Amino acid sequence: MRPETLKTRIFLDGADPEETRRVIKTLGFLDGQTTNPSLLAKNPEAQAHKVDGNKFSATAIYQFYKALCQELSAMLPGGSISIEVYADEATTVGVMLEQAREFDTWIPNAHIKLPTSAAGLEAAGVLTGEGRRVNMTLVFTQAQAAAVYAATRGAKRGAVFLSPFIGRLDDRGENGMDLIANILRMYQAGDGHVETLTASVRSMEHFLCALALGSDIITAPASILLAWGEAGLPIPGSGYRYEAPGLAPIPYEDIGLDGPWTGYAIGHPLTDKGMAKFSEDWNSLIDMGA
Ligand code: E4P
């Protein structure tokens, strides 16, 4: 059962319906699920399609992704399912919009994941203007979070998720948890239309710290959610101490939320690297000659 004092929504980060079933059974609840091309490539059924001669065609991969999202949506009817667009460095705003509008017909509870790049931000503005929901992914800085806020101004609360990737910052020696604290602090000056979804969670300490900071949503792999469930769903107080040995602190920046999104520094090497890896993992499933 969902603990009464739990304010944060809990999502599963994965693309295997069996995991979703197990997590729902262990926790007694689940508020949503995030998918991405790398997770899709790890789906047990998709694995069989990574072998030459058995790869998906460029259209069959979308049928597979659609069926998966429909299965997840049926398991989590009151929740949210994040579906990620294919986006490499050359993908245009138009192509992102085309995918997003199509994905939105698949299930009634989709949040469309878009990269926090110039094209992704422009697409987010159009999609939220049409009343659609988005999840802005591959966020690594406060300036990118401010740009997401500005690009989606006017959207209703619940329509925009922001996914800062804490584990990937840790990987390069920066304390990703600081970014969550900084974004939550910066967003206090806003109207609340963007919800912070802590992503790239690698440890129970990340998970507990995001709870203690009051992240709106956390997405975590099944292994962490199952361990949390087996420990009795502990919720740390605001005094929870997160140790970040060897990680450099990320200082708070005084960034206002009033500017146009094009006025913020949106580039980050990890955003570019993340887009390249997601594209590579998606393409690994496709027979390019078919
Ligand atoms: C979820 O929305 C993200 O795509 C995911 O948490 C990324 O995690 P990773 O950095 O472990 O790949």
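How many nonpolar, polar and charged residues are in the lining of the largest cavity? That lining has seven nonpolar, no polar and one charged residues, where Ala, Val, Leu, Ile, Met, Phe, Trp, Tyr, Cys and Pro count as nonpolar, Asp, Glu, Lys and Arg as charged, and the others, Gly among them, as polar.

A word on the model: it is predicted, with local features needing pLDDT of at least 70 and side-chain atom pairs pLDDT 80 or more, while totals for chains, interfaces and linings use all residues. Numbering runs from 1 along each chain as its sequence is written, and side-chain values use heavy atoms, without hydrogens and water.

Now to the ligand. Around it (a heavy atom within 4 Å) you will find D13, T34, N36, K113, F165, R168, A199, S200, R202 and T219. By class, this shell has two nonpolar, four polar and four charged residues. The table gives polar contacts, pairs of N or O atoms within 3.5 Å.

| Side chain | Distance to a ligand oxygen atom |
|---|---|
| D13 | 2.6 Å |
| R168 | 2.7 Å |
| N36 | 2.8 Å |

Taken alone, the ligand exposes 340 Å², and the protein buries 85% of that (Shrake-Rupley method, 1.4 Å probe).

Back to the cavity, a set of points on a 1 Å grid over the protein atoms alone where a 1.4 Å probe fits but cannot get out. There is one cavity of 30 Å³ or more. The largest cavity has a volume of about 40 Å³, counted as the space filled by probe spheres set on the points. Its lining residues (an atom within 4 Å of a point) are P37, E84, V85, A87, P115, L138, M275 and F278.

How values were computed
A polar contact is a pair of N or O atoms within 3.5 Å; within protein, one must be able to donate a hydrogen and the other to accept it, and residues adjacent in sequence count only if both atoms are side-chain atoms. On a 1 Å grid over the protein atoms alone, a cavity is a set of points where a 1.4 Å probe fits but cannot get out, and a pocket is an open set with protein on both sides within 12 Å along at least five of seven lines; lining residues have an atom within 4 Å of a point.
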